[in-house]
Amino acid sequence: MALNKTELVAKIAAETGQSQAAVSSVIDGFFTAVSETVAAGEKVSIPGWLSFETATTAARTGRNPRTGESIEIAAGKRVKVSVGSKLKAAVK
């Protein structure tokens, strides 16, 4: 079972006593801040929980799985998400 945003907002609101509208606004603000910071090439770190950063990928040769034909894949950027020790321990 997955926890979607609506369920997450309801769960946090119940645990904190805040309204669902306030919690939703904070979550939206969090993701806006993370995306803007990572897009600017900076790292966002929440010690023990998560970190987000930009990773650069080199140009490389790939293979079309359908035809087996070699293709050139351009260099680019991706988002790297790392899990912290507290989250790892919670899963064990």
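Predicted model: local features only at pLDDT ≥ 70, side-chain atom pairs only at ≥ 80, totals over all residues.
User: OK, what does that give for H1, and what is the distance between its end C-alpha atoms?
Analyst: H1 covers residues 5-16, which is 12 residues, so it should span 16 Å. Its end C-alpha atoms are 16 Å apart, which agrees.

User: What caps the N-terminal end of H1?
Analyst: Asn4 does. One of its side-chain oxygens lies 3.1 Å from the backbone nitrogen of Thr6.

User: And just after H1, which residue takes a positive phi?
Analyst: Gly17, with a phi of about 80 degrees.

User: Switching to charges. How many salt bridges does a search of the whole structure find?
Analyst: Two. In one of them, Asp28 pairs with Lys5, and the closest N and O atoms are 2.4 Å apart.

User: Which parts of the chain does that pair link?
Analyst: Distant ones: Asp28 sits in helix H2 and Lys5 in helix H1, 23 residues apart.

User: Which side chains meet at 3.9 Å, N to O?
Analyst: Those of Lys43 and Glu53, in a salt bridge. This pair also links distant parts of the chain, 10 residues apart. Lys43 is in the loop between H2 and strand S1 (44-46), and Glu53 is in strand S2 (residues 50-57). Glu53 is partly exposed, with a relative accessible area of 23%.

User: Now aromatics. How many aromatic pairs does the structure hold?
Analyst: One. Phe30 and Phe31 have ring centres 5.1 Å apart.

User: Stacked or edge-to-face?
Analyst: Edge-to-face, because the ring planes are at 70 degrees and the cut-off for that class is over 60.

User: Where does Phe30 lie?
Analyst: In helix H2, residues 20-39. Phe30 counts as partly exposed because its relative accessibility is 33%.

User: Which residues make the nonpolar surface patch?
Analyst: Phe30, Phe31, Ile46 and Trp49. The patch is about 360 Å². Both rings of the edge-to-face pair, Phe30 and Phe31, belong to residues of this patch.

Key:
Residues numbered from 1 in each chain as written. Heavy atoms only, no water. Patch = residues over 30% accessible without salt bridge, like charges linked within 9 Å, V, L, I, M, F, W, Y side chains within 5 Å. Areas by Shrake-Rupley, 256 points an atom, 1.4 Å probe, with all protein chains shown as cover. Salt bridge = Lys/Arg side-chain N within 4 Å of Asp/Glu carboxyl O. Helix = DSSP H or I, 4+ residues; strand = E, 2+ residues; numbered from the N terminus. Buried < 20%, exposed > 50% of the residue type's maximum accessible area, 1.4 Å probe, protein only. Expected span 1.5 Å × (residues − 1). Polar contact = N/O pair within 3.5 Å; in protein donor to acceptor, adjacent residues only side chain to side chain. Phe/Tyr/Trp six-rings, centres within 6.5 Å; stacked < 30°, edge-to-face > 60°.
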